[in-house]
Amino acid sequence: NVGVQGSRSAAAIPLLAPLLAWGREGVAQRLDRLMQMADTLADAIEHCDRLALWGRPQTAINVFRPVHSSTPEFVQALPPGMVSTCVLDGQTWVRSVAANPSVDMDLVVERLLAASGEIG
């Protein structure tokens, strides 16, 4: 039986404490907020003719790529650690995970749109 503690129970305390403090309702609210953020980002990508969205986020992950430039160049134009890359059907895509409920989504969108216009 492996639960939140994994194989080293003391290592799970930093994860378990907030989950217990937030309760089911608090966890659900945070997850809903992250999904809203992912949807906001997907909307911005869909409305930008310089970016292509792979698909609407089903989890809090958006996968997209620049239309008129290479993905590595695009990623280089962004702040370090803002996104990662993945390969789907032999093409490199940008991967953005909505994991910080306190992130300034307007700033994220601004940076992505600016980077898409700087390249190509």
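1. Arg 56 is partly exposed, with a relative accessible area of 34%; buried would be under 20%, exposed over 50%, and partly exposed is the range in between (1.4 Å probe, protein chains only). Please keep in mind that this is a predicted model, where local features need pLDDT of at least 70, side-chain atom pairs count only at pLDDT 80 or more, and totals for chains, interfaces and linings use all residues. Residues are numbered from 1 along each chain as its sequence is written, and side-chain values use heavy atoms, with hydrogens and water left out.

2. Which residue pairs with Arg 56 at 2.8 Å, N to O? Glu 46 does, in a salt bridge, meaning a side-chain nitrogen of Lys or Arg within 4 Å of a carboxyl oxygen of Asp or Glu. Arg 56 sits in the loop between E1 and E2 and Glu 46 in helix H1, so this pair ties together parts 10 residues apart in sequence. Helices (H or I, at least four residues) and strands (E, at least two) are DSSP runs, numbered from the N terminus.

3. Asp 43 also forms a salt bridge with Arg 56, with the closest N and O atoms 2.9 Å apart. Asp 39 meets Arg 56 as well, at 3.6 Å from N to O. That pair links helix H1 to the loop between E1 and E2, 17 residues apart.

4. The count comes to 3 salt bridges. Shared partners join Asp 39, Asp 43, Glu 46 and Arg 56 into one network.

5. Now to the shape of H1. This helix has 34 residues, yet its end C-alpha atoms are only 40 Å apart, short of the 50 Å that a straight helix would reach; that expected span is 1.5 Å times one less than the number of residues. A kink of about 105° is centred on Gly 23, the bend being the angle between axes fitted to the seven residues ending there and the seven starting there.

6. The buried residues of H1 include Leu 34, Met 37, Leu 41 and Ile 45. Their cover includes strands E1, E2 and E4 and helix H3, where contact means heavy atoms within 4.5 Å.
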